[in-house]
Amino acid sequence: DEHDEHCTCGCHDHHDDDDEHEHHHHDHEEHDEHCTCGCHDHDHDHDEHDYEHHHHHHHADEVFTSWGTETTRKFTKDEIEHILEELDNSEKYGMILRAKGIVAGRDGEWIHFDYVPEETSVRNGSAGVIGRLCVIGSHINEAAIEALFA
């Protein structure tokens, strides 16, 4: 199928049934090799990974630690939002790069949260078995964070 071999089109929009049939049996690897259409976004994960690590221009000597715990405490969304705002206080808690977790809500819902500096997401989500918290950062004050969530 010469068309696939030198693909520059991006989406294989065949209207011909025979071609469609041909395409399904076509060797996928061969398609990748010659394709310049840009639809195989291999760099996506890599970029996100880099973004997280270089977002704050850390010095090479900084050591990242992660603190995690399980909790049976019930929270409200407001409490979680308040806690995540508190994490911006780097003098008290250290440089927090990421915090995430699933905790039981007071109303029977489970609250999922995700925090990176300048951006928080708190929402109701699927139920967990037990609340889980994870905080990742540099020079983090584990005792202060534990007290905050407790």
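**Entry 1: Lys92**

I started with Lys92, which is found in helix α6 (residues 90-93). I take helices as DSSP runs of H or I with at least four residues and strands as runs of E with at least two, numbered from the N terminus. This is a predicted model, where local features need pLDDT of at least 70, side-chain atom pairs count only at pLDDT 80 or more, and totals for chains, interfaces and linings use all residues. Residues are numbered from 1 along each chain as its sequence is written, and side-chain values use heavy atoms, with hydrogens and water left out.

I looked up the cover of Lys92 and found it partly exposed, at 44% relative accessibility. My cut-offs are under 20% relative accessible area for buried, over 50% for exposed, and partly exposed in between (1.4 Å probe, protein chains only). Setting aside neighbours within four places in sequence, I found Lys92 in contact with Glu86, Asn141 and Ala144; contact means heavy atoms within 4.5 Å. Lys92 and Ala144 are 52 residues apart in sequence, yet their C-alpha atoms are 7.2 Å apart.

**Entry 2: the chain overall**

Next I stepped back to the whole chain, and I noted seven helices and six strands. Read from the N terminus, the order of elements is α-α-α-α-β-β-α-α-β-β-β-β-α. Of the 150 residues, 29% count as buried. The chain exposes about 10300 Å², with carbon and sulfur atoms supplying 45% of that area; the areas come from the Shrake-Rupley method with a 1.4 Å probe, and for residues only the protein chains shown count as cover. Among contacts between residues at least 6 apart in sequence, 63% join residues at least 24 apart.

**Entry 3: confidence**

I checked pLDDT, the predictor's confidence in each residue from 0 to 100. The chain averages 76, and 59% of the residues score at least 70. Residues 17-31 have pLDDT below 50, and this stretch has 15 contacts in the model beyond near neighbours in sequence. Residues 40-55 are also below 50, with seven such contacts. I will read both stretches with care.

**Entry 4: strands around β6**

Which strands pair with β6? Strand β1 (residues 64-71) pairs with strand β6 (residues 131-138) in the antiparallel sense, over eight bridges. Strand β3 (residues 95-105) also runs antiparallel to β6, joined by seven bridges. I count two strands as paired if DSSP finds at least two bridges between them.

**Entry 5: Ile96**

Staying with strand β3, I looked at Ile96, which lies in it. Is Ile96 buried or exposed? Ile96 is buried, with a relative accessible area of 3%. Leaving out residues up to four places away in sequence, Ile96 touches Leu87, Tyr115, Pro117, Val135, Ile136, Gly137, Ile140 and Ile145. I also noted 6.5 Å between the C-alpha atoms of Ile96 and Ser138, which are 42 residues apart along the chain.

**Entry 6: aromatic rings**

I then searched for ring pairs, taking Phe, Tyr and Trp (its six-membered ring) with centres within 6.5 Å; planes under 30 degrees apart count as stacked, over 60 as edge-to-face and the rest as tilted. The search gave two aromatic pairs. Trp67 and Phe149 are stacked because their ring centres are 6.1 Å apart and their planes lie at 25 degrees. Trp67 is in strand β1 and Phe149 in helix α7 (residues 142-149), so this pair ties together parts 82 residues apart in sequence. Both residues are buried, Trp67 at 6% relative accessibility and Phe149 at 4%.

Phe149 also forms a stacked pair with Phe113, at 6.1 Å centre to centre and 20 degrees between the planes. That pair links Phe113 in strand β4 (residues 110-116) with Phe149 in helix α7, 36 residues apart. Phe113 counts as buried at 3%. I recorded Trp67, Phe113 and Phe149 as one aromatic cluster.

**Entry 7: His112**

My last stop was His112, placed in strand β4. His112 is buried, at 12% relative accessibility. Which backbone oxygen lies 2.8 Å from a polar atom of the His112 side chain? I found that of Ser126. Beyond four places in sequence, the contacts of His112 are Gly101, Ile102, Ser121, Val122, Arg123, Asn124, Gly125 and Ser126.

Definitions and conventions. Polar contact = N/O pair within 3.5 Å; in protein donor to acceptor, adjacent residues only side chain to side chain.
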